Amino acid sequence: MTRLESRYSSQLSAGLGAVPETLELLRLWTPGTPASQLVDTAVESGTFSRATARRTRNLVAEMFAPRYLCDGGTPAERLKFLMGHRLPHEALVQTLLLHTCRAQPMLADFIIEVYWPKYSGGATSLLKADAEGFIRRALDGGKMAAKWSPSTIDRQAGHLVGCCLDFGLVSKGKGSVRTIQRFAIRRETALYLAHDLHFAGASDMALVQHLDWRLFGYEPQEVVRQLRTLGDDGHLIVQSSGELVQISWKYKSMEDCLNALAQR
């Protein structure tokens, strides 16, 4: 199932962007640890001292596990490695955004369909009403498994805008207004994403056209320019002519790419 075909859920209620919580859970998690054991570790350690055991369980099961323990825990393992090697915080947060959007299609589509058009159009703010309109269109388009009540629409609209705040796409404005701020993919994030797609089996052309780049406002031609920048840094070689793109990959595995990021 592709992201565009995925049904939307209310799972964002479990923690929005939850950046500080995610980093704490990554510190506690070890490869191979299931979500149930991570809950016990988090509760016993008192990491979230103000949270109840039930809240901690929901945070792990509904937020952390779908985003970072999928694919056998591969995202968590990579992120824990990068965090331990002091990847710049902004790049780490952008990588969390990437994995969150893969697990939460509603957030991904909201960023692509609402945030970036407003950003490109020169808008200065992102409103809860923008998110409400997006959700109502999604309901009309059959994106949800069941009809959402007005209170659920209101709550989930707030969650969408809250996620954009947590991941740095907007900043706090006056009252409930969120100010759209400059947001650009970092080279570290672009390097991670390009190699993640490549080692997942995407052809060079499919990689350039992949929807994940649109989370960062990139259309294919902008992706090619970004890849050329990575080429200038010695990570790969890009050849393009018209609509054809061919990439020569320096790193033979994702582990090689991660090591390059750790040694930047």
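In this predicted model, helices α9 and α11 sit roughly perpendicular to each other. Their packing angle is about 105°, which falls in the 65 to 115 degree range for that label, and the axes run 10 Å apart. Helix α9 covers residues 187–199, while α11 spans residues 220–232.

Who does the touching? On the α9 side, Arg 187, Ala 190, Leu 191 and Ala 194 make the contact; they meet Gln 226, Leu 227, Thr 229 and Leu 230 of α11. Sorted by class, that contact has five nonpolar residues, two polar ones and one charged one.

Now for the rings. The structure has nine aromatic pairs. A ring pair is described by how far apart the centres are and by the angle between the planes. Two of the pairs look like this:

| Pair | Centre to centre | Angle between planes | Geometry |
|---|---|---|---|
| Tyr 115 and Trp 116 | 5.1 Å | 80° | edge-to-face |
| Trp 213 and Tyr 218 | 6.5 Å | 15° | stacked |

Tyr 115 and Trp 116 count as edge-to-face because their planes stand at 80°, and the cut-off for that label is over 60 degrees. Both of these residues are buried. They also belong to one aromatic cluster, together with Tyr 119, Phe 183 and Phe 216.

Key
Residues are numbered from 1 along each chain as its sequence is written. This is a predicted model: local features need pLDDT of at least 70, side-chain atom pairs count only at pLDDT 80 or more; totals for chains, interfaces and linings use all residues. Side-chain values use heavy atoms; hydrogens and water are left out. Rings of Phe, Tyr and Trp (its six-membered ring) pair if their centres lie within 6.5 Å; planes under 30 degrees apart count as stacked, over 60 as edge-to-face and the rest as tilted. Buried means under 20% relative accessible area, exposed over 50%, partly exposed in between (1.4 Å probe, protein chains only). Axes are lines fitted to C-alpha atoms, for helices over the stretch in contact, and angles run from 0 to 180 degrees between N-to-C directions. Helices (H or I, at least four residues) and strands (E, at least two) are DSSP runs, numbered from the N terminus. Angles under 35 degrees count as roughly parallel, over 145 as roughly antiparallel, 65 to 115 as roughly perpendicular and the rest as oblique. Contact means heavy atoms within 4.5 Å. Ala, Val, Leu, Ile, Met, Phe, Trp, Tyr, Cys and Pro count as nonpolar, Asp, Glu, Lys and Arg as charged, and the others, Gly among them, as polar.
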